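Here is a short tour of one protein model. Keep the sequence and the 3D view open as you read.

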Amino acid sequence: MVSPVTATAQPEQFDPVESVNTFIGTKDDGNTFPGASMPFGMAHSSPIGSHYAGYRYDDPVIRGFGHFFLSGAGCWEQGGLVSILPTTGLPGSFDHRSYGAAYTHDGEVGKPGYYRVGLASGISVETTATTRSGVERFTFPDGVTPHVLVNVGQANDKEPVFASSIRVVDDRTLAGTVVSQAFCGGKPYTTYFTTTFDRPFKTTGNWGGADGGAGLRGQWVTFDGGPVTAATAISHVDAEGATKNLGEAKGKSFDALRAAAQQAWRRELAGVEIDTPSADDRTVFYTALYHVLLQPLTGNDVDGRYRGFDEKVHRADGWTYYEYFSLWDTYRAQNQLLALLRPARAKDIARSVLAIHEQGGWLPRWAYANQETNTMTGDPVTPFLVDLWRFGALEGLEEQAYRALWQNATSVPPASSPFEGRVGNPSYLANGFVQYDKDFPKKGQDVDPHHGASATLEYALADCSLSIMADALGHSDDAETLRGRGLNYRVLWDATVSDRGFTGFPRPKLANGEWLTPFTPQGQDGFHEGTAWQYQWLAQQDVAGLVERLGGRDAAAARLDDFFAYPDLVADPAKTVREKWVVGPYNYYNQYRYNPNNEPDLHAPWMYALVGQPWKTSAVVRAAQTLFVDAPNGVTGNDDLGQMSAWYVFSALGMYPVTPGTGQFVLNAPRFSRAVVHLENGRDITITAAGADSSKLQYVQSLRVGGAPRDKAYLNHHQLRHGARLDYGLTTDPAKATWATRPASAPASPCTGEHVS
């Protein structure tokens with residue numbers, strides 16, 4: 001058995017909002033937040049505990065309700081700004097580590113656009129949100145004087161607040177600023193806020209002063225009874241922006257705002273319908289889709305203004321500017337899922353990334369608010385933008401995007417630039433590899449030569465994807481150059497290295513061209529958050545060449561079997577993935593097995609299909625899905641701004657975007673008997689799989705697309721974007737899963753045109 005199935009029928013009037021459990025991912029470093037947000041919302045309202053991501057399910061107290069969070073990120077400095085907590089009196093200390101309120105999970109609710117919790121003081125807290133404001137309703141016990149603490153000097157744990165201010169605007173309104181540190185050790189940046197209450201203050205007082213540097217600071221207010229509703233809007237532009245943003249909530253009741261937020265989520269989540277007898281399956285799927293649709297975050301104020309990477313104020317006129325791009329994570333699946341489901345938003349996302357280039361002079365890697373943090377390595381922005389081009393999101397901007405990408409692929413930002421770009425380019429362009437150099441200076445969190453081998457593989461994957469765009473735009477000479485560079489993973493392939501009975505692995509090279517010595521494929525040197533075992537599969541742009549280096553199809557399949565512990569997996573899927581695969585979200589190194597908790601090898605299950613054994617892809621995917629459950633620890637690893645959730649959504653539908661730039665989805669057995677993807681153009685992708693049973697390992701026996709038999713293990717985006725019908729025949733007998741096993745059933749390498757032989 002793969003996982004237990006709860007036999008409950010699909011409700012006749014199914015509401016996807018009710019199937020979401022926002023507590024999934026709030027334990028074991030999933031780092032999601034359970035509170036209220038709008039789709040792609042700038043502001044939120046969610047509880048803060050003692051964890052750096054904000055709330056952790058087993059935290060004993062709630063320190064307040066903050067108004068900015070990231071969903072599933074791995075670094076510290078994750079927001080929780082402008083924290084509000086209702087109390088029945090003033091605390092003895094204004095340090096939130098002292099005055100945090102005990103609470104109970106009994107009656108706690110976490111749904112899209114709505115959160116509710118009961119505090120030990122007897123106060124009930126409900127939260128909702130507009131796009132640019134977080135809203136709370138506090139219901140107090142009879143006979144107490146309602147107090148509310150507005151803390152601007154503290155935020156999430158390990159989120160430094162360097163300076164803050166707060167002032168009384170009128171008898172219902174507070175306003176101020178919070179200067180906090182950006183994600184992953186980035187630079188300080190300023191958030192402006194305005195908070196308004198639905199009734200006048202009875203009394204008010206300040207702690208720490210109206211403004212100043214780091215330290216405890218805030219305002220307390222009391223009221224003549226309750227309940228009390230508070231709305232806090234934020235802006236990265238100025239105080240006027242925060243005040244204008246508050247107009248989304250001002251003068252509207254909490255219930256009306258909640259209804260609007262949940263209706264917005266209902267429209268978003270209804271973009272995919274699934275049929276399943278399992279209530280747990282429904283919850284896991286729609287929660288994953290919910291997490292995908294939280295980001296990137298809306299960046300412009302209601303008047304269109306936003307703060308650009310040149311520190312100037314710009315205006316998005318007729319479009320939405322988005323912020324917070326975790327590209328190393330999201331280029332792998334979350335980006336493509338948004339482009340498929342929400343092409344209009346994808347166009348604005350693409351335009352936003354190009355605006356960063358226009359204003360900052362370079363393309364980003366991990367863009368936080370209006371700064372580049374230089375977090376992670378490689379070249380994720382290239383496959384990110386190329387896939388947006390492939391999905392039609394760069395219409396009219398193709399050449400502008402290509403010029404920016406060519407600049408990024410062929411040069412390095414000047415020393416004065418805050419961007420690192422492809423800082424490994426000098427060695428890569430001259431020698432075909434990024435050198436491994438632990439002492440190479442860096443501008444931010446990470447730098448490519450510290451992880452030269454994995455950076456080389458990432459550059460090569462990016463170059464191959466860009467060659468496809470170059471060819472289509474008529475830049476044939478560039479395309480030829482880029483195709484050649486797309487094979488640079490071969491430069492680091494050492495055919496003499498052996499491990500676990502297998503020979504040939506990617507190996508770091510030093511600046512002088514010599515191999516790193518000593519070296520083990522299970523070690524961390526030269527690879528970012530992984531080992532040579534995981535990164536050996538990051539050559540999906542040249543599967544034919546990779547298979548040749550692995551010793552042929554049979555040898556490649558045998559290595560995949562060892563990588564996934566396949567014989568054990570078939571015998572006991574759930575046990576194998578928890579005991580044989582990499583365990584723990586940060587257990588990156590000294591590993592030789594599949595790591596489902598991190599990005600570098602997330603595509604590896606579909607490598608089976610690309611080497612002619614697609615039934616094994618279905619088995620591995622179904623086994624990996626057992627890690628996603630309806631529980632606080634139900635996300636594998638950090639959710640990484642929706643990437644892990646996007647992996648689940650795609651895999652449950654039976655497809656995955658393995659090779660950037662191609663627009664190809666490699667297929668696997670769907671999890672559900674029926675799923676319908678409602679496209680923005682009014683067309684549907686209908687996927688049926690009679691007899692689908694998520695409690696078993698199942699394989700594809702046949703596939704019909706539009707009524708015609710198809711023996712290829714992939715589909716192209718253009719076959720889906722105008723609607724399609726996919727009808728699968730499934731089997732539990734791998735001997736009957738002979739579908740798509742011919743070499744020509746897998747796509748050819750986009751860099752060489754070769755098939756696996």
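## Overall size

With 757 residues, a compact globule would have a radius of gyration near 27 Å; the protein has 26 Å, so the two agree. The radius is taken over C-alpha atoms, and the globule rule is 2.2 Å times the number of residues to the power 0.38. Along the principal axes, the C-alpha atoms fill a box of roughly 80 × 60 × 50 Å.

This is a predicted model: local features need pLDDT of at least 70, side-chain atom pairs count only at pLDDT 80 or more, and totals for chains, interfaces and linings use all residues. Residues are numbered from 1 along each chain as its sequence is written, and side-chain values use heavy atoms, leaving out hydrogens and water.

## Inside and contacts

Buried residues make up 66% of the 757 residues. Buried means under 20% relative accessible area, exposed over 50%, and partly exposed in between (1.4 Å probe, protein chains only). Take the contacts with a separation of 6 or more: 69% of them join residues 24 or more positions apart. A contact means heavy atoms within 4.5 Å.

## The open sheet

The protein has 22 helices and 35 strands. These are DSSP runs (helices H or I, at least four residues; strands E, at least two), numbered from the N terminus.

Ten strands form an open sheet with antiparallel pairing, in the order S3-S6-S7-S8-S9-S17-S13-S12-S11-S15. Its edge strands are S3 (61-62) and S15 (211-213), and each pairs on one side only. Two strands pair if DSSP finds at least two bridges between them. S13 (residues 188-197) and S17 (residues 228-235) pair over six bridges. There, Phe 197 stands opposite Ala 230 in S17.

Helix H4 (residues 254-269) lies across S6, S7, S8, S9 and S17. H4 runs at about 50° to S8. Axes are lines fitted to C-alpha atoms, for helices over the stretch in contact, and angles run from 0 to 180 degrees between N-to-C directions.

## Helix H8

How far apart are the end C-alpha atoms of H8? They are 25 Å apart; at 1.5 Å a residue, the 18 residues of H8 (343-360) should span 26 Å, which agrees. The expected span is 1.5 Å times one less than the number of residues. Buried residues of H8 include Asp 348, Ile 349, Val 353 and His 357. Just after H8, Gly 361 takes a positive phi of about 90°.

## A buried asparagine

Asn 488 sits in the loop between helix H13 (476-485) and strand S26 (493-499). Is Asn 488 buried or exposed? Asn 488 is buried, because its relative accessible area is 10%. Not counting residues up to four places away in sequence, Asn 488 touches Tyr 428, Gly 432, Thr 456 and Ala 460.
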